[in-house]
Amino acid sequence: MSWGTELWDQFDNLEKHTQWGIDILEKYIKFVKERTEIELSYAKQLRNLSKKYQPKKNSKEEEEYKYTSCKAFISTLNEMNDYAGQHEVISENMTSHIIGDLARYIQELKQERKSNFHDGRKAQQHIETCWKQLESSKRRFERDCKEADRAQQYFEKMDADINVTKADVEKARQQAQIRHQMAEDSKADYSSILQKFNHEQHEYYHTHIPNIFQKIQEMEERRIVKIGESMKTYAEVDRQVIPIIGKCLDGIVKAAESIDQKNDSQLVIEAYKSGFEPPGDIEFEDYTQPMKRTVSDNSLSNSRGEGKPELKFGGKSKGKLWPFIKKNKLSLKLGATPEDFSNLPPEQRRKKLQQKVDELNKEIQKEMDQRDAITKMKDVYLKNPQMGDPASLDHKLAEVSQTIEKLRLETQKFEAWLAEVEGRLPARSEQARRQSGLYDSQNPPTVNNCAQDRESSPDGSYTEEQSQESEVKVLATDFDDEFDDEEPLPAIGTCKALYTFEGQNEGTISVVEGETLYVIEEDKGDGWTRIRRNEDEEGYVPTSYVEVYLDKNAKGAKTYI
């Protein structure tokens, strides 16, 4: 089975087939290259995933990872990081052992193929040249024979004509002899060239072409063997990392088996145990004693004497309940988050705005990189018009520039809000400290006053209304003074609504863009301003939604910057 003998007349088809073989090899190289890119991308994503869920240092989240389940999760993340490293090894080995090796081989293969087919074309051109020489000598021999025949016929005609002189007859005879000699020479030349052509043709079809085709066949068979070896290497590269990947998975299983639910439960107790004793039973307080006492001073003093211990015990019970009493605060929860995050506390709002600014800056940088890439491509098109039309990129360039401008305007808006919040944070922090200190200083005396009110009752008892009033006094410090609406506050200025605000929650008021209203209480650092539309409609709106004009002559008005 030899291409030289079986395919002696298929030179063009063999040329196409060998080129197809090289294309297949290049396609396989491309396949392996894309596989290595996938492995690198997968490894990178696994590393990023592991890094994403790692606890941040010096944070509350890091403290939570003292539990065995969380420690097992950390071990899983570490094992996944090692797992990702094995996919990087796969990519590296495939690149060096397959892609690099095949890339070198394919260059050698192309050079060898080019040499073999060059020899084939050279032999083909040589036989074609010999064929043309044979055809030329054959046509010359045929032409000389015809000329000799015509010269012989002319001589015979002249010799038979009695009117022709002897000199003319002799001249015709000599011409005929010359033509016959030329025909003989052409015959000998044609015979020699024919023998040479037959020899060259025999060599071409039985020696040169079989040898060249045999080399091409061996070259193609080596290519087939090479791609088979590369496929084996492809499988071996994967097989080599299987034991290490198995160890990574075993590490995850071992981490999962190390989880101790009892230990985690004990850690929860240690973390959240308050040390307080559960509250005891509340003693029964008999309000029928005033009905049974006598008018005598003795009975009155006895009644007071018996009532005091009971009240003190009751006060003690109420004191034990204090750890479970929470402050009541008015919170304004909006149905939808405003664009400037004015519904959040200042620090939270600052973080959100900073995050938004960072995101916008990243988007701007991304668009600028895209613009630079398009600009470079346009320069390439200008220098090499055959690669593309530079004008075709103008529309895309304009779109990217417009997007960058929009993002910059958006960034400026959020930076203005951020600057506004950062300017208020110190004042807000001072106010928060004052309120915190006020609550701590007022809270204990209020409880004591409640007990004193019970003991100072003229008849040694107290009513339910008095108790409720005392409790209201205790909790009154939990509310800001700004929520006391017993008397209408005077207007300290006006404001103009910059945006429409839908006040759907308790304590807020709806405004329409461009509407002018009265300011009755300015922003105290929490991002809200109290306004009034008329005597019956007033409430809070986000400060960033209005432009405030304070009256400097108004009582309690502050200079508005």
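Mentor: I will start with the sheet, then turn to the salt bridges, and end with the helices and the chain as a whole.

This is a predicted model, in which local features need pLDDT of at least 70 and side-chain atom pairs count only at pLDDT 80 or more, while totals for chains, interfaces and linings use all residues. Residues are numbered from 1 along each chain as its sequence is written, and side-chain values use heavy atoms, with hydrogens and water left out.

The sheet is open and has five strands in the order β4-β3-β2-β1-β5, with antiparallel pairing. Its edge strands are β4 (538–542) and β5, each of which pairs on one side only. From one strand to the next the twist averages 40°; axes here are lines fitted to C-alpha atoms (for helices over the stretch in contact), and angles run from 0 to 180 degrees between N-to-C directions. Strands are DSSP runs of E with at least two residues, and helices are runs of H or I with at least four, numbered from the N terminus. Two strands count as paired if DSSP finds at least two bridges between them.

Take strand β1, residues 493–497. Buried means under 20% relative accessible area, exposed means over 50%, and partly exposed lies in between (1.4 Å probe, protein chains only).

On one pairing, β1 runs antiparallel to strand β2 (residues 516–521), joined by four bridges. Here G493 stands opposite V519 of β2. On another, β1 pairs with strand β5 (residues 546–550) in the antiparallel sense over five bridges, and A497 has V546 of β5 as its bridge partner. Strand β2 in turn is joined to strand β3 (residues 528–532) by three bridges, again antiparallel. In that pairing V519 stands opposite I531 of β3.

Next come the charged side chains. Side chains of opposite charge can pair when their charged atoms come close. The cut-off used for a salt bridge is a side-chain nitrogen of Lys or Arg within 4 Å of a carboxyl oxygen of Asp or Glu. K524 forms a salt bridge with E521, with the closest N and O atoms 3.8 Å apart. K524 counts as partly exposed because its relative accessibility is 37%, while E521, at 12%, counts as buried. The two belong to a network of salt bridges that links E521, K524, R530, R532 and E538.

Across the whole structure, a search finds 24 salt bridges. Among them is K110 with E26, whose closest N and O atoms are 2.8 Å apart. This pair links distant parts of the chain, with K110 in helix α4 and E26 in helix α2 (residues 11–52), 84 residues apart. K110 is partly exposed because its relative accessible area is 33%, and E26 is partly exposed with a value of 33%. Another salt bridge joins the side chains of D101 and K226 (2.8 Å, N to O). D101 lies in helix α4 and K226 in helix α5 (residues 166–257), so this pair ties together parts that are 125 residues apart in sequence. D101, at 25% relative accessible area, is partly exposed, but K226, at 17%, is buried.

Helix α2 also holds S50, which is buried with a relative accessible area of 4%. Leaving aside neighbours within four places in sequence, S50 is in contact (heavy atoms within 4.5 Å) with L77, N78 and N81. A nonpolar surface patch of about 270 Å² is made by L49, Y53 and F73. Patches are made of residues with over 30% relative accessible area and no salt bridge, with like charges joined within 9 Å and nonpolar side chains (Val, Leu, Ile, Met, Phe, Trp, Tyr) within 5 Å. F73 lies in helix α4 (residues 68–160) and, at 32% relative accessibility, counts as partly exposed.

For the chain as a whole, the secondary structure comes to 11 helices and five strands. Of its 561 residues, 30% count as buried. Among contacts with a separation of 6 or more, 75% are between residues 24 or more positions apart. The accessible surface comes to about 37700 Å², of which 52% belongs to carbon and sulfur atoms; accessible areas come from the Shrake-Rupley method with a 1.4 Å probe, and for residues only the protein chains shown count as cover.
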